[in-house]
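Please keep the sequence and the model in view while reading.

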Amino acid sequence: KISHMTSKLRFAIIGAGRIGYVHAGSVFDTPNTEIVYIVDPFKEAAEKVVAAFGGKVSSDPEAVIASGEIDAVIIGSPTPTHIPLIKAAIKAGVHVLCEKPIDLDIKNVDSNRAAINAAKTNVTIGFNRRQDPEFRAVKKRVVAGEIGNIEQVVITSRDPGPAPQGYIAVSGGIFRDMTIHDFDMARNFIPEIVEVIAFGANAFCDYIKEEGDFDSVSVLLKGSKNELVTIINSRHSSYGYDQRIEVFGDKGMLQITNFSPSTVKLFNKDTTAAGEPYLDFFLERYAASYRNELKVFIQGIQEGDNLGSTYDDGRAALILADAALESARTGKAVKVNF
């Protein structure tokens with residue numbers, strides 16, 4: 001626990017790209033918090049965030065972490081920086097909320113696992129979708145037994161359009177970059193996954209193929225109690241950001257459908273129940289989840305416990321991503337254990 005909870009919790013945000021901007025907005029909107037630093041090697045990007053939400057600009061994340069001016073850091077910088085910055089924060093007694101994935105190499109994740117899990121500070125991995133109000137409501141009703149024993153989960157996740165080639169090149173591939181959220185959501189409902197089968201395809205994007213990656217994937221996960229999870233991903237969707245889930249049990253099913261800006265529907269001689277396109281991107285669809293993720297992180301600091309996604313949750317999702325990539329490349333099912 002931190003000793004000054006009667007005063008504001010002081011934050012630094014590392015990375016002033018679009019995810020850093022979202023996190024800065026979350027801190028700005030949360031009572032009893034303060035942005036002290038925005039850290040980015042590109043000064044103009046940091047200044048843009050500071051202009052909107054306050055704080056000071058820095059280009060030196062380790063100096064900021066060790067400054068004694070902050071209580072918590074949100075890490076939204078490139079993936080290779082994640083583990084070094086987590087370790088620096090632990091050393092400085094600073095709490096950490098770090099974006100996924102922890103690292104692209106499971107060996108790096110494992111070699112630092114014991115030290116990070118032994119930290120006296122809070123280390124939370126940013127699987128924000130667990131904190132989405134819709135997903136949380138489904139999980140609560142599953143736990144309450146409303147649909148009985150889970151037998152199948154179907155997760156659909158399609159982006160409106162592919163990221164630029166420069167991003168794809170360093171992303172670690174679709175399984176580690178995009179599907180990893182769905183692997184974590186699968187484990188939210190079926191914690192004990194034992195086998196992975198995956199297929200990858202190049203259906204529409206030449207530069208993704210050039211980078212040795214897939215633009216479309218389907219994954220089947222098997223749980224230890226013979227539950228099945230189907231994940232469907234695409235890097236494009238002509239009708240907007242496609243985010244759906246079904247949790248099917250022996251007593252019923254719970255379902256989440258897509259969000260539109262409004263519920264207005266048009267009925268006329270040419271169409272029935274025509275509505276507006278779905279929300280265009282993850283920043284709009286999951287805005288509330290980022291706010292909730294921060295609240296859960298802060299509550300964990302106050303209570304001296306990690307109430308969000310743990311380092312081991314991040315590790316498990318990466319293990320599933322690696323298994324899916326192996327399966328897609330070899331055409332064989334891959335056994336997993338955590």
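1. The model discussed here is predicted. C98 has a relative accessibility of 1%, so C98 counts as buried. C205 is buried as well, because its relative accessible area is 7%. A disulfide is a covalent bond between the sulfur atoms of two cysteines. The count of disulfides in this model comes to 0.

2. The open sheet. How many strands form the open sheet, and in what order? There are 7 strands, arranged as β12-β11-β7-β10-β9-β8-β13, and their pairing is mixed. At the edges stand β12 (252–256) and β13, each of which pairs on one side only.

3. Strand β8 and its two partners. Strand β8 covers residues 193–201. Strands β8 and β9 (residues 216–223) run antiparallel and are joined by 8 bridges. Within this pairing, F199 has S218 of β9 as its bridge partner, and G200 stands opposite V217 in β9. Strand β13 (residues 334–335) also runs antiparallel to β8, and 2 bridges join them. Here E195 of the chain faces K335, which belongs to β13.

4. Which residues make the nonpolar surface patch of about 330 Å²? The patch is made by I197, F199, L220 and L228. I197 is found in strand β8. I197 has a relative accessible area of 31%, and therefore counts as partly exposed. In a regular strand the side chains alternate between the two faces of the sheet.

5. R130 lies in the loop between β6 and α7, whereas D313 lies in helix α14 (residues 311–330), so the pair ties together parts that are 183 residues apart in sequence. Both R130 and D313 are buried.

6. A salt bridge between two strands. The side chains of D242 and R158 meet in a salt bridge, at 2.7 Å from N to O. Because D242 lies in strand β11 (residues 242–249) and R158 in strand β7 (residues 150–158), this pair ties together parts that are 84 residues apart in sequence. Are D242 and R158 buried or partly exposed? D242, at 0% relative accessibility, counts as buried. R158 is partly exposed, with a relative accessible area of 21%.

7. A salt bridge between two helices. D322 and R176 form a salt bridge in which the closest N and O atoms are 2.8 Å apart. The pair links distant parts of the chain, since D322 is in helix α14 and R176 is in helix α9 (residues 174–177), 146 residues apart. Both partners, D322 and R176, are buried.

8. A network of charges. Some salt bridges are linked to one another: K100, D159, D177 and R235 are connected in a network of salt bridges.

9. A buried aspartate in a loop. Where does D132 lie? D132 is placed in the loop between β6 (123–126) and α7 (133–143). Its relative accessibility is 2%, so D132 counts as buried. A polar atom of the D132 side chain lies 3.0 Å from the backbone nitrogen of E134.

10. An exposed alanine in a loop. A66 is located in the loop between α3 (61–65) and β4 (72–75). The relative accessible area of A66 is 60%, and therefore A66 is exposed. A66 and K91 are 25 residues apart along the chain, and their C-alpha atoms are separated by 8.4 Å.

Terms used: Residues are numbered from 1 along each chain as its sequence is written. This is a predicted model: local features need pLDDT of at least 70, side-chain atom pairs count only at pLDDT 80 or more; totals for chains, interfaces and linings use all residues. Side-chain values use heavy atoms; hydrogens and water are left out. Patches are made of residues with over 30% relative accessible area and no salt bridge: like charges are joined within 9 Å, nonpolar side chains (Val, Leu, Ile, Met, Phe, Trp, Tyr) within 5 Å. Accessible areas come from the Shrake-Rupley method with a 1.4 Å probe; for residues, only the protein chains shown count as cover. A salt bridge is a side-chain nitrogen of Lys or Arg within 4 Å of a carboxyl oxygen of Asp or Glu. Helices (H or I, at least four residues) and strands (E, at least two) are DSSP runs, numbered from the N terminus. Buried means under 20% relative accessible area, exposed over 50%, partly exposed in between (1.4 Å probe, protein chains only). Two strands pair if DSSP finds at least two bridges between them. A disulfide is a pair of cysteine sulfur atoms within 2.5 Å. A polar contact is a pair of N or O atoms within 3.5 Å; within protein, one must be able to donate a hydrogen and the other to accept it, and residues adjacent in sequence count only if both atoms are side-chain atoms.
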